[in-house]
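Dear colleague,

Please find below the structure that I am handing over to you.

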Amino acid sequence: MSKVFKQKEHLVNALTNIHCTIYQGEMVAIMGTSGSGKSTLLNMISAIDEPTSGTIFLFGKEANSIYKEPKASNFRKENIGFIFQSFHLLKDLTVEDNIALPLILQDIPSKDIEKRVHEMLEQLGIANWRKHRPHELSGGQQQRVAIARAIITKPPILLADEPTGALDVKTTDEILQLLVELQQNGQTILLVTHDPYVATFANRVLFFHDGSIVDSYQNEKTDADLDTILAKFKTITRGEQ
């Protein structure tokens with residue numbers, strides 16, 4: 001797939017001939033310099049941006065029709081969970097109401113919503129804060145709420161855009177371990193990050209530069225992963241790929 005944005009005086013090639021396969025139940029880290037196309041890829045997978053050319057296949061079937069409304073909104077609602085760096089929780093809602101919101105938008109019966117919210121609160125270890133509002137929580141607690149909200153509809157695809165960027169080291173480890181547990185239970189995760197350490201928690205790393213995939217790495221789950229990812233990332237940022 002390719003994506004070209006038209007500016008007043010020139011064209012911006014955000015993505016150029018991207019070709020990759022993301023397997024079900026895999027966590028893939030996407031690394032690259034700023035403006036390399038990482039977020040554009042997530043936007044195309046989530047039917048926010050339509051490719052200028054090329055074809056996207058989802059669940060084994062050609063899916064270019066998802067970019068037209070109302071299909072795009074329905075596709076996101078049924079298939080995509082989002083986790084952001086800045087949490088994006090609604091400040092006037094409690095923890096349980098923030099988590100319940102996607103189910104409310106799907107007109108799920110209130111009794112089912114209550115049951116599923118309780119399950120999420122227990123699974124993510126935040127049941128004690130169910131009546132709190134976001135400003136009363138730590139960054140790690142807020143991100144757990146955001147993750148619970150993202151997965152409560154059981155979406156096939158979870159998109160995480162710098163999910164640990166606003167967290168300290170200890171909390172980063174806790175959130176990454178949580179993502180690993182989700183992946184091991186079958187959740188497909190695409191994780192955008194600038195941090196080589198974060199990328200070591202993925203199964204595989206794709207390296208982006210100037211709108212193209214220029215390298216990849218399969219994590220071996222050893223201490224050597226961090227050094228290898230860091231070396232590849234340095235090479236890319238220096239334009240030596």
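To describe how two helices pack, we use axes, which are lines fitted to C-alpha atoms, for helices over the stretch in contact, and the angles run from 0 to 180 degrees between N-to-C directions. Helices (H or I, at least four residues) and strands (E, at least two) are DSSP runs, numbered from the N terminus.

Please note that this is a predicted model, in which local features need pLDDT of at least 70 and side-chain atom pairs count only at pLDDT 80 or more, while totals for chains, interfaces and linings use all residues. Residues are numbered from 1 along each chain as its sequence is written, and side-chain values use heavy atoms, with hydrogens and water left out.

**Helix α5 and its partners**

α5 and helix α6 (residues 169-184) pack at an angle of about 20°, and their axes are 10 Å apart. The two helices are therefore roughly parallel to each other; angles under 35 degrees count as roughly parallel, over 145 as roughly antiparallel, 65 to 115 as roughly perpendicular and the rest as oblique. Their crossing is right-handed. A crossing is right-handed if the near helix is turned clockwise from the far one by less than a right angle, and left-handed if anticlockwise. On the α5 side, Gly140, Gln143, Arg144, Ile147 and Ile151 meet Thr171, Glu174, Ile175, Leu178, Leu179 and Leu182 in α6, where contact means heavy atoms within 4.5 Å.

α5 also packs with α3, at an angle of about 25° and with the axes 7 Å apart. These helices, α3 and α5, are therefore roughly parallel to each other as well, and α3 passes α5 in a right-handed crossing. Val95, Asn98, Ile99 and Pro102 of α3 make this contact with Val145, Ala148 and Arg149 of α5.

How many of the residues of α5 are buried? The count is 12 of 13, and the helix is mostly covered. Buried means under 20% relative accessible area, exposed over 50%, and partly exposed in between (1.4 Å probe, protein chains only). The buried residues of α5 pack against β6 (80-84), α3, α4, β7 and α6. As for its length, the 13 residues of α5 should span 18 Å at 1.5 Å a residue, and its end C-alpha atoms are 18 Å apart, which agrees. The expected span of a helix is 1.5 Å times one less than its number of residues.

Helix α4 (residues 110-123) has 14 residues and reaches 20 Å from its first C-alpha to its last, close to the 20 Å expected. Its buried residues are Ile113, Val117, Met120 and Leu121. Seen down the axis of α4, these residues fall within an arc of 100°, so they line one face of the helix; the arc is that of the directions from the helix axis to the C-beta atoms. As background, an α-helix has 3.6 residues a turn, so residues three or four places apart point the same way. The buried residues of α4 pack against α3 (95-105) and α5 (139-151).

In α3, the buried residues include Val95, Glu96 and Asn98, and the buried residues of this helix pack against α4 and α5. Asp107 follows α3 and has a positive phi, near 60°, whereas α4 is followed by Gly125, with a positive phi near 70°.

**Loops and individual residues**

Two further residues deserve a note on their backbone. Asn17, in the loop between β2 and β3, has a positive phi of about 50° although it is not a glycine, and it is exposed at 63% relative accessible area. Lys154, in the loop between α5 and β7, has a positive phi near 55° and is exposed at 67%.

Where is the cis peptide bond? It joins Glu69 and Pro70, with omega about 5°, and Pro70 lies in the loop between β5 (61-62) and α2 (71-79).

Finally, Thr21 lies in the loop between β2 (11-15) and β3 (27-32) and counts as partly exposed at 40% relative accessibility. Not counting residues up to four places away in sequence, Thr21 touches Glu26 and Arg204. Ser39, in helix α1 (residues 38-45), is 122 residues from Asp161 in sequence and 7.6 Å from Asp161 in space, C-alpha to C-alpha.

Yours sincerely
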